[in-house]
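Please examine the model shown below.

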Amino acid sequence: MKGKAAIVSAGITKFVRRAKETPKELAWYAAKMALDNAGLSLDEVDAVIHGTAPDAFDGVHQKAEYLSDASGAFNKPYIRCYVGGGTGVMAPIYGWYYVASGIFDTVLVVCEEKMSSCRPHPQAAFLTIFDHTTERPLGPNLLWIFALEMNRYMQVNKIKLEDIAMVSVKNKSNAKNHPSALLGSEVTLKDIMESEVLAWPVHRLMVSPISDGAAAIIITNEEKAKKITDKPVWIQGAGWCLDTAFWTGRDLCYPQYVEYAAKMAYKMAGIKNPAKEISIAEPYDPFAYKELHHLEGLQLAPKGKAAELLMDGHFDKNGNLPSSPSGGLLGVGNPIAAAGMMKVCELFWQLRHEASGRQVPGNPKRGVAQAWGDLMQVGTVIVTGVDKP
Amino acid sequence: MKELKNHNDKLTFFSGNIPLESLYTVGIAGDKFFQSLKNIGALLSSKCSRCNYVYVPCRLFCERCFDELKEYKELEPVGAVYSFSEVNIERDGSPVKTPVQAALIKINGADSLFYHRLNVKKPKIGMKVKAVLEKYRKGSINDIRYFEEI
Ligand SMILES: [Zn+2]
């Protein structure tokens with residue numbers, strides 16, 4: 001990696017079912033908090049990146065323009081990052097290459113989503129992402145196709161539904177200690193298994209809740225980082241990759257594109273054995289099975305074996321490799337772009353020992369955050385750590 | 001930050017929409033596919049002569065090799081269930097009247113999967129299925145009523 005870039009500050013709103021704030025107001029809260037935590041004024045920001053998912057959620061076309069003032073973009077270079085659900089990790093990657101390239105010293109990265117505006121349900125926004133002649137007339141939505149993926153993943157790897165449900169138990173419990181959390185609580189395996197079957201094998205409590213919220217970080221070069229904090233969190237690696245845009249062209253059992261994205265990031269970070277060299281994982285978990293699927297793609301579990309490691313406690317907060325100590329999307333909530341960014345923020349707080357009740361034990365040196373999206377073909381991966389790359 | 005509890009508070013939010021409609025294009029390969037489905041009840045595939053991948057529905061180009069696909073072939077609408085779901089809720093979250101059986105089907109002779117509905121007693125991965133076609137077909141994916149067990 002050429003120039004060095006560090007995350008020096010983070011800000012986040014509460015994730016709620018229906019916020020009284022407008023999308024702009026949400027974005028401003030998070031951006032302002034990140035600036036205040038760094039002790040920076042807006043004048044000291046050279047460029048702004050805004051990450052936000054479909055325009056249809058907020059019900060505003062060209063949503064990035066609408067959100068620009070609230071993201072601090074007035075009179076500044078500004079760009080929108082948008083790769084569906086992968087946005088929340090891709091936006092910080094934009095921030096990293098803006099700084100690592102040497103173009104800007106200090107950038108503000110803001111992610112916002114207000115899903116409650118969308119009626120009758122935000123899922124309706126996804127009805128139009130399928131092929132308009134061969135698939136849409138059949139009425140599929142994302143929930144249906146994830147159900148198909150989950151079923152295939154379980155069948156091929158012989159994974160029990162109960163084991164997948166344990167991801168929900170773990171993440172909702174971890175989220176109890178997250179101040180932004182919408183759904184933090186102690187739920188039992190029985191609660192999950194007895195929740196309504198939305199689309200077999202997906203149960204209601206295996207799905208993250210739609211939410212409103214925003215999160216922001218500040219990324220600077222080495223020189224500025226030193227002035228702002230004595231605990232910068234360095235961006236050590238970044239990777240992103242696409243699978244085929246035709247979801248009917250994938251095997252559904254294994255997220256190859258996440259592997260490619262992870263390998264790109266690991267190579268940059270000089271990581272040879274990710275399962276040993278990474279202390280904390282924040283894989284994208286909009287559905288319980290996706291956390292396991294993604295841990296495999298991230299090379300943190302052998303193919304088809306993430307469920308076994310989960311059941312051994314390997315991914316618990318006090319396990320060998322804590323996964324989603326934040327509480328993840330299943331516990332904290334899923335305002336799409338802001339949810340991915342929440343994972344990047346979590347690594348920032350964990351690596352600085354600022355995660356209070358969620359703090360993982362020991363001295364975590366390095367974390368990986370990952371998001372996933374579009375028509376489930378985008379993988380975005382970022383590796384951050386306490387050591388300068 | 002405040003969470004909004006009262007959904008009927010007229011001062012807090014109001015209804016509106018983005019008024020748009022679309023006239024969608026079937027496309028070069030799509031036109032061939034639907035002609036074939038309508039006229040002879042077959043699923044038209046196209047094969048890449050470089051990587052041999054067979055796409056169904058047929059496409060104009062191979063995303064892997066970026067070549068134009070010129071080898072079209074009619075496939076029988078017969079295959080095996082690759083994965084399935086039984087859907088119990090409508091898009092607004094309300095319960096459906098009859099559960100929908102959504103499925104990915106591996107059509108015999110194709111490499112890509114084919115998305116459609118099933119109408120079987122107990123769906124299973126690997127189950128052999130065939131398409132049940134409408135008698136009067138319009139050139140739509142709904143000319144296939146569903147797939148049933150063979
Ligand atoms: Zn090819």
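**A strand and a helix**

Modeller: In strand 7 of chain A, Leu108(A) stands opposite Ile218(A). This is a predicted model, in which local features need pLDDT of at least 70, side-chain atom pairs count only at pLDDT 80 or more, and totals for chains, interfaces and linings use all residues. Residues are numbered from 1 along each chain as its sequence is written, chains are lettered from A and ligands numbered from 1 in the order in which they are written, and side-chain values use heavy atoms, with hydrogens and water left out.

Colleague: How many bridges join strand 4 of chain A to strand 7 of chain A?

Modeller: Strands (E, at least two residues) are DSSP runs, numbered from the N terminus, and two strands pair if DSSP finds at least two bridges between them. Strand 4 (residues 106-114) and strand 7 of chain A run antiparallel, and the bridges joining them number nine.

Colleague: Which residue of strand 7 of chain A is the bridge partner of Ala10(A)?

Modeller: Strand 1 (residues 5-12) of chain A runs antiparallel to strand 7 of chain A, with seven bridges between them. The partner of Ala10(A) is Ile217(A).

Colleague: How many residues of strand 7 of chain A are buried?

Modeller: Buried means under 20% relative accessible area (1.4 Å probe, protein chains only). Both faces of the strand are covered, with Ile218(A) on one side and Ile217(A) on the other among the buried residues. Strand 7 (residues 212-221) is largely enclosed by the rest of the structure, because its buried residues number ten of ten.

Colleague: Which residue follows helix 1 of chain B?

Modeller: Helices (H or I, at least four residues) are likewise DSSP runs. Helix 1 of chain B covers residues 28-40. With a positive phi, near 70°, the residue that follows is Gly41(B).

Technical notes: The expected span of a helix is 1.5 Å times one less than its number of residues. Buried means under 20% relative accessible area, exposed over 50%, partly exposed in between (1.4 Å probe, protein chains only).
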